[in-house]
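Work through the exercises below with the sequence and the 3D structure open. Try each task before reading its solution.

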Amino acid sequence: PDKIAHFRIHNDATESFDPKMNSLDTLAKVLQPFSDSQIENSTEKLILAINLGVLHNFLESDYAINDYTLIRKYIEEANVFDSNTISVIKDHPHFHLVNFGDYNMYELTSDGPVSAYISELFSRITNPIPENPFYQAYLMDKQTNEINTLLMNYEMFSSKSVQNQIVKLIIKTIIKDKIILSSRILLNYIYDILVPITTEEMMTSDFLDMLPNLLPNLVFEGFDKSSFLKMMARQDPIHHRSIEVDRSLIELHNNGSYYIAFRNVIFDSSAQEWISYLESIEDIAYLDKDTKRELSELFIRSCYLYESSLQDAFLDKVYMDYTKYLYAYNTGQKRMLQNLYFDIDKSIYLWKGTPKTNHLFIDEEGHQFRIAERLQLKNAAKALPSNEIDVVERFTSSLVLGFRCDPFQEIHEV
């Protein structure tokens, strides 16, 4: 607080001081003490929060070209507008840059991406301490009410296993769908997976009536609630087929007891209390088709979210490999990228077809005669940052690899 008192803060560069001034006019006025003619004698201290789009427009304006060449040069050398690289922050006597575009809501590790921010947020909502208002409200409701959907969802969300899996799901959605997740969207998401839409759905104490609104189902079925939940639904484990999953589903319906079937597969201690409610389900043969489907979906999704003998069956090897390549790329570990180079090389020949080694068809399929051309690809690794750390916080979320066609030296980026 003492240091920041010495700074003038301009939060929104799109605002103008005068209706006759546009955003660029306003920005030029704010930055006047840092113009080429005044900067050496200026004692001004300024914190400027600015959108990259507005900053780019300013750097291309006559103001920057004529009067703010020092700022222009510093920002251009920092490389802030290239989404495929990390900004290069150099020491300067007058400027310092923090590019929030270099930071994501998750971090990279050799074991896969993690998110300290999301994990901490989840923990604060469920932490069983007197200072946590959410936990205190849960205790009060549990004393005065029968178990209901909302209380059961809170208990499910309190499981560390469930929290860890949901964090992984969120990160996977961010990476695969290339979305920017704000804290507001994240908080709305937490509400959507905990709280059913209607009061009647929220307060029911009948386990079978709870099924559509239990957390494992809400995580993957909130298509109409938000676009983010719709994206999350693409990772729904019920779409994953494997021998292990199919065998477990057959056993689920042939067992005669959903309680025993769930308990035999899900060994997570935090799931045993709600699994015990399945004991009350009798006359399985008389359950309607929709209820059996809902129980099957709850079973698969719970096996995914909780520690279970089926959890490994849902692993996405392609995604896991990509995140390991992403970590290697951002830590300069070129050896770990060799398999990726090999896969890309192989896919190029599979894509167009090849009559023999180091040759590629260059015409369309379906002709009686085909034309092929010699193509011998060589890896041309880019200069990567040498930064072998355990947890990477500043990184680019895309990979750019280089190839050259022997004997030519020109490098082509993929």
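This is a predicted model: local features need pLDDT of at least 70, side-chain atom pairs count only at pLDDT 80 or more; totals for chains, interfaces and linings use all residues.

Residues are numbered from 1 along each chain as its sequence is written, and side-chain values use heavy atoms, with hydrogens and water left out.

**Exercise 1.** State how many salt bridges the structure holds.

Solution. Start with the term: a salt bridge is a side-chain nitrogen of Lys or Arg within 4 Å of a carboxyl oxygen of Asp or Glu. The structure holds 18 of them.

**Exercise 2.** Locate the partners of the salt bridge between K176 and D316.

Solution. First, the N to O distance is 3.8 Å. Next, K176 lies in helix α8 (residues 160-177), and D316 in the loop between α17 (289-305) and α18 (317-331). Helices here are DSSP runs of H or I with at least four residues, numbered from the N terminus. The partners are 140 residues apart, so the pair links distant parts of the chain.

**Exercise 3.** Classify K176 and D316 as buried, partly exposed or exposed.

Solution. Buried means under 20% relative accessible area, exposed over 50%, and partly exposed in between (1.4 Å probe, protein chains only). K176 has 44%, so K176 is partly exposed. D316 has 23%, so D316 is partly exposed.

**Exercise 4.** Describe the salt bridge between D290 and R293.

Solution. The closest N and O atoms are 3.9 Å apart. Because D290 and R293 are three residues apart in helix α17, about one helical turn separates them. Both belong to a network of salt bridges that also links E221, D236, E297 and R301.

Notes. Helices (H or I, at least four residues) and strands (E, at least two) are DSSP runs, numbered from the N terminus.
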